[in-house]
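Me: I would like to go through the labels used for this fold. Please set each one against its definition.

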Amino acid sequence: GLEPGLRFASLLDGRGGCIDLGWEEVERWRSEHGFLWIHLERDTPQATAWIQGKSGVDPLVAEALLADDSRPRVEAFDDGLLVVLRGINLAEREEVELVPIHMWIDEHRLISLRDKDHALCALRDIRLMLKAGRGPRKAGLLLVQIAEKVERDLEPVLDQLDAQVEQMEDEIIGKAAAELRHTLADLRRRSVHLRRYLGPQREALYRLRNEDTPIIDDRDRMRLRSVIDRVARHLEDLDAFRDRTTILHEDLAAQLSESIAKTSNRLTGLAALLLPPGLIAGM
């Protein structure tokens, strides 16, 4: 069963597989036992206590891993890297959001943390691959695969946005403007939210690729480069969404002012028709 604060701990066997550990074995783990990937729920007392007390990471790193501030970034330390990325939360299908994953990686372990209520498909997929013996064999590849899966999960979200914008472009011709304003505002809000974190995410991955660290080798860097290219493409798509929704907004505004003008013309005509009987009554 699940242990409080611990999503999972996996000891990588270096051949693509892993062995699962509980809290007790995690506390007994030493670097000579093999590479450890420990995944925690950030906002639980057990995870906080372990990070601050028993993990042995620098207090500055511990503070960053547990911090609420979660803009994507990469910071290099003497013995490892602090990496913060944002991935798609698939817990509530209705509202797609980019949620933080805080990571510390050195040559012997990867510590990753996510908020209790946020499930990240990206990590679950890698864990399933490890359980099947087809997972990453070393530290750098594990980190790169997390970046790849996080990016891959963005694709369907952006495709869905694109389809919705396209649908609105069709509907705006035939439908009443007032009905579409709410949908349009929602689309713009979602694309702005995605853009806000994907810009820094691209910079963080760029920094990771260029970081002078033994954890990441040349093959890892090549894979990171293609992830960065795809994130850059997502950013271009989001900029295009912004332009398209701005044009749609202007079309809606024009339609609305047109319908207001028609209504006021009708009212003026009606007032003119009602005026003579009113005058007679007054006299």
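Me: What makes the crossing of helix 4 and helix 5 left-handed or right-handed?
Reply: Helix 4 passes helix 5 in a right-handed crossing. A crossing is right-handed if the near helix is turned clockwise from the far one by less than a right angle, and left-handed if anticlockwise. This is a predicted model: local features need pLDDT of at least 70, side-chain atom pairs 80 or more, while totals for chains, interfaces and linings use all residues. Residues are numbered from 1 along each chain, and side-chain values use heavy atoms, without hydrogens and water.

Me: Why are helix 4 and helix 5 called oblique?
Reply: The axes of helix 4 (residues 121-131) and helix 5 (residues 139-152) cross at roughly 130 degrees and come within 8 Å. Under 35 degrees counts as roughly parallel, over 145 as roughly antiparallel, 65 to 115 as roughly perpendicular, and the rest as oblique. The two helices are therefore oblique to each other.

Me: Which residues of helix 4 make the contact with helix 5?
Reply: Contact means heavy atoms within 4.5 Å. On helix 4, A122, L123, D125, I126 and M129 take part. Helix 5 brings L142, Q145, I146, K149, V150 and R152.

Me: What makes strand 2 and strand 4 edge strands?
Reply: Seven strands form an open, mixed sheet in the order 2-1-3-7-6-5-4. Strands pair if DSSP finds at least two bridges between them. Strand 2 (18-20) and strand 4 (73-76) each have a single partner strand, so one side of each lacks a neighbour in the sheet.

Me: How do you know that strand 1 pairs with strand 2?
Reply: Three bridges join strand 1 (residues 6-12) to strand 2, and they run antiparallel.

Definitions and conventions: Axes fitted to C-alpha atoms, helices over the stretch in contact; angles between N-to-C directions. Helix = DSSP H or I, 4+ residues; strand = E, 2+ residues; numbered from the N terminus.
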